[in-house]
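Work through the exercises below with the model open. Try each task before reading its solution.

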Amino acid sequence: MLPIDLYQGIESAWCPGCGNFGMLKAFKHALAELEIRPEAFVVVSGIGQSGKFPHYLKCNTFNGIHGRTLPVATGVRLTNHELKVVAVAGDGDCYGEGGNHLLAALRRNPDLTLVVHNNQVYALTKGQASPTSDQGYKTLLQPHGVAYPPLHALALAVAQDCSWVGRGFAGKIEHLTGLYKQALTHKGFALLEVLQPCVTFNKINTYQWYQQRVYDVEKEPGYDPENELWAYQKAKEWGERIPIGVIYRNPRPTLEEMQPVLKAGPLARQQPERPVRELLSDFF
């Protein structure tokens, strides 16, 4: 096991008590236990409090624009598939602005890990409702309550044959560490959603609220993550009981395996047959 301090980044600007702290701690433990060195992985993020995640890590990183985490992460992975690639995004960032990119990733199955910080609000921009806010949830911009039901993104992922689907809770760090390790070592697209309380703007879905509801789905009778119908039903379960753990596994060929040009090694190490400037001239 590598030392945790190996991954220490700059000082955090998150609110005290933010669920992101538990996520960061669990992620470092997973990296250390898997002995993944900082130079061997890259974390790609977008906009939001989740977008700051790689700032507080020592690693390769790319912080891009809102909702565009997945296309950048996929590009990094295709360019150098020797790197472990992790995309991080908030529920608004990934399920709202980046929703179409999520659909494309589910279909293409790039070998990378997507971690969605789900606090059910847009926290960086002062607490507006997000795609995962519960129906009736009131904010300053939705004073009469959210009119629509929340998006069940994990059910969407199961329905689209996502390669690996899991859910964790920032208040259960040891359990979350295990999920990170499984997602990071899975071959194919791994979607890990983490329930992450926002202590400043979401006064409903608190640590206590989640502690009373989450349960380890892997300890349930009849646990069967390779059964699509079972997984879909569990992915839709929300309310008095909320499952955490690995919900779905579906081994599939990865995007990288379907690209003949990558059989010769990472693009980053290959010499183009023609100069790049000349290749680009074909398009202009």
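**Exercises on a predicted model**

The structure holds twelve salt bridges, each a side-chain nitrogen of Lys or Arg within 4 Å of a carboxyl oxygen of Asp or Glu. The model is predicted: local features need pLDDT of at least 70, side-chain atom pairs count only at pLDDT 80 or more, and totals for chains, interfaces and linings use all residues. Residues are numbered from 1 along each chain as its sequence is written, and side-chain values use heavy atoms, without hydrogens or water.

**Exercise 1. Find the salt-bridge partner of Lys-181.**

Step 1. Lys-181 pairs with Glu-33; their closest N and O atoms are 2.8 Å apart.
Step 2. Helices (H or I, at least four residues) and strands (E, at least two) are DSSP runs, numbered from the N terminus.

**Exercise 2. Describe how α1 and α6 pack.**

Step 1. Helix α1 spans residues 19–34, and α6 spans 173–185.
Step 2. Their axes lie 8 Å apart, at an angle of about 55 degrees. Axes are lines fitted to C-alpha atoms, for helices over the stretch in contact; angles run from 0 to 180 degrees between N-to-C directions.
Step 3. The two helices are therefore oblique, since angles under 35 degrees count as roughly parallel, over 145 as roughly antiparallel and 65 to 115 as roughly perpendicular, with the rest oblique.
Step 4. List contacts (heavy atoms within 4.5 Å). Among them, Phe-27, Ala-30 and Leu-34 of α1 and Leu-176, Tyr-180 and Leu-184 of α6 take part.

**Exercise 3. Give the strand order of the open sheet.**

Step 1. The eight strands run β2-β1-β3-β4-β8-β7-β10-β9, with mixed pairing. Two strands pair if DSSP finds at least two bridges between them.
Step 2. Take the edges: β2 (60–63) and β9 (214–216) each have a single partner strand, so one side of each lacks a neighbour in the sheet.
Step 3. Three bridges join β9 to β10 (residues 242–249) in parallel. Tyr-215 has Pro-243 as its bridge partner in β10.
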